[in-house]
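Q: I'm new to this one and would like to go through it slowly. Could you put it up, and then I'll ask as we go?

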Amino acid sequence: MKTKTFKVILGLAVLMCAFMLRAAYTDGIAIFAQKAIGVVVYPFQKVAAEISSGVTNMLQGYLRTEQLQEENEQLKEEIRQLQDQLVDYESIKNENQLYQKFLDIKEQNADFEFCPAMVIGRDANSQFGSFIIDKGTLQGISKRDPVITSDGLIGVIEEVGLTYSRVITIYDPGLNIGAYVSRTRDTGIVVGAVDLAEDGQCKMTYLPRDSGAAIGDIILTSGGNVFPKGLKIGTIKEIRQEDHGVSLYAVVEPFASVEDAKDVFVITSFEGQGIMIGEDLEQQDAPLDEQETDSDSGAVSAAEPSSAEDGQ
């Protein structure tokens, strides 16, 4: 009896051990297989993940690049707009400053008519600072019109086109300007000189030997058919004696800087402008016999009232 029971218990124990061993064996195989498969598959998973990440990053980079390009174009457009606004601001600012100077000059010279202009070029072949401005006959400018800055006289129109003009300066020996010393009222001619032009100066000739002109005196235009009276020219820096010894001349430093000039005013009209030139040209153009006839006619006309009085 005991032997039979023992055998049953022993059989159950062996069966349980068998089940345990089978379970252990089965789980181990699964884990081993899983690990083995993981070793084989992992590299492919890693490569796939890297490829996926690379593609994702590339797409994101491309999209980001497009976004940056759009932002860059927007910023460029904003910069262009700001630059245009800055240019407009500077242009308006310069115009306001220019017209303020214009009004100041206009208040002092009600008979002047001006044309503001900008220096757009320099004559490289001119040793006397000749320059080009951006206004011409379309703006009412004519040859021999005076050119000034807010500081004073700078030159005269020598050549004029439709939309440009060439200005010769007060350094030029070919330009003669009637002038006087404001303090002493001594008169003379302001003219350029080669040796003085190098130093940015000109001279006033034909000063009388007993002139009281001195260093620091102001020189103004004396007026005439080309230049109105009272335009500022410059100050006397030195008084010298002419080579012939008959008169003196003054070295003059102009108020207007030829080298730094950017904005100028062309005086297109003033009271008395061109009157003497017109009369002189008419007289010069008339034939000699006509001039004599006119003179004779004038004599007769002058005598006629006397005859009439005699008759009375």
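Q: Is Tyr206 buried or exposed?
A: Tyr206 counts as exposed, because its relative accessibility is 58%, where buried means under 20% relative accessible area, exposed means over 50%, and partly exposed lies in between, with a 1.4 Å probe and protein chains only. Before going further, please note that this is a predicted model, in which local features need pLDDT of at least 70 and side-chain atom pairs count only at pLDDT 80 or more, while totals for chains, interfaces and linings use all residues. Residues are numbered from 1 along each chain as its sequence is written, and side-chain values use heavy atoms, with hydrogens and water left out.

Q: Where does Tyr206 sit, and what is its phi near?
A: Tyr206 belongs to strand S8, residues 202–207, and its phi is near 65 degrees, a positive value in a residue other than glycine. Strands here are DSSP runs of E with at least two residues, helices are runs of H or I with at least four, and both are numbered from the N terminus.

Q: OK, and what about Arg185, where is that?
A: Arg185 lies in the loop between strand S6 (176–181) and strand S7 (187–191). Arg185 is not a glycine, yet it has a positive phi of about 65 degrees, and Arg185 counts as exposed because its relative accessibility is 54%.

Q: Switching topic, which strands make up the barrel, and in what order?
A: The closed barrel has six strands in the order S1-S2-S5-S4-S3-S12, with antiparallel pairing. From one strand to the next the twist averages 45 degrees, with axes taken as lines fitted to C-alpha atoms (for helices over the stretch in contact) and angles running from 0 to 180 degrees between N-to-C directions. Two strands pair if DSSP finds at least two bridges between them.

Q: How many bridges join S2 to S5?
A: Three bridges join strand S2 (residues 131–133) to strand S5 (residues 165–169), and these strands run antiparallel. Phe131 has Val167 in S5 as its bridge partner.

Q: And how many between S4 and S5?
A: S4 and S5 pair over five bridges in the antiparallel sense, with Thr169 in S5 as the bridge partner of Gly155. S4 and S5 also form a hairpin, with four residues between them.

Q: Then what about S3 and S4?
A: Strand S3 (residues 146–148) pairs with strand S4 (residues 153–160) over three bridges, again in the antiparallel sense, and Pro146 stands opposite Val156 in S4. The hairpin of S3 and S4 has four residues between the strands, and in this hairpin Gly152 takes a positive phi near 160 degrees.
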